[in-house]
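Keep the picture open as you read.

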Amino acid sequence: MIADKVERKFTIMICTFLVGVTLLITAVALWLLPVSLLQGWILLVGLVIFIFFFALGPGAYVWVIMSELLPTQIRSKALAVALFLNSMMSAVLASVFLPATQHL
């Protein structure tokens with residue numbers, strides 16, 4: 001619904017900017033505030049807002065743009081490869097993240 005009413009470039013730029021802002025706010029809250037109920041609520045609200053803006057912008061438009069960039073003759077196979085690679089990179093990142101943070 002939003003993709004049809006608002007220009008794509010504007011939506012992606014604004015939502016990506018707001019994703020960065022919410023991540024910055026949650027990082028500052030995690031770093032500066034003592035462990036408390038207030039910090040927990042700020043982190044929860046920041047995470048929910050992050051998911052909201054990611055779903056409106058980069059999360060959704062990547063698939064729209066990818067399908068438009070690929071030639072029609074290879075679109076189905078190329079999207080399957082792109083989905084596989086995206087899933088594999090997500091799995092690798094999820095597997096490496098916690099051991100890397102524990103090491104650091």
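Is phenylalanine 54 buried, partly exposed or exposed? Phenylalanine 54 is partly exposed, with a relative accessible area of 39%. Here buried means under 20% relative accessible area, exposed means over 50%, and partly exposed is in between (1.4 Å probe, protein chains only).

## About the model

This is a predicted model, in which local features need pLDDT of at least 70 and side-chain atom pairs count only at pLDDT 80 or more, while totals for chains, interfaces and linings use all residues. Residues are numbered from 1 along each chain as its sequence is written, and side-chain values use heavy atoms, leaving out hydrogens and water.

## Aromatic pairs

You can find two aromatic pairs in the structure. In one, the ring centres of phenylalanine 50 and phenylalanine 54 are 6.0 Å apart and the planes lie at 25 degrees, so this pair is stacked. Rings of Phe, Tyr and Trp (its six-membered ring) pair if their centres lie within 6.5 Å; planes under 30 degrees apart count as stacked, over 60 as edge-to-face and the rest as tilted. Phenylalanine 50 and phenylalanine 54 are four residues apart in helix α3 (residues 37-56), so about one helical turn separates them. Helices are DSSP runs (H or I, at least four residues), numbered from the N terminus.

Phenylalanine 52 and phenylalanine 53 form an edge-to-face pair, with 5.3 Å from centre to centre and 70 degrees between the planes. Phenylalanine 52 is partly exposed at 48% relative accessible area, whereas phenylalanine 53 counts as buried at 19%.

## Helix α2 and threonine 22

Among the buried residues of α2 are Cys15, Val19 and Thr22. Threonine 22 has a relative accessible area of 9%, so it is buried. Leaving aside residues up to four places away in sequence, threonine 22 touches Gly46, Ile49 and Phe50; contact means heavy atoms within 4.5 Å.

## Helices α4 and α5

Two packed helices are described by the angle between their axes and the distance between the axes. Helix α4 (residues 58-69) packs against α5 at an angle of about 145 degrees, and their axes are 10 Å apart. These axes are lines fitted to C-alpha atoms over the stretch in contact, and angles run from 0 to 180 degrees between N-to-C directions. On the α4 side, the contact is made by Trp63, Met66, Ser67 and Glu68, and on the α5 side by Arg75, Leu79, Ala82, Leu83 and Asn86.

Conventions. Helices (H or I, at least four residues) and strands (E, at least two) are DSSP runs, numbered from the N terminus.
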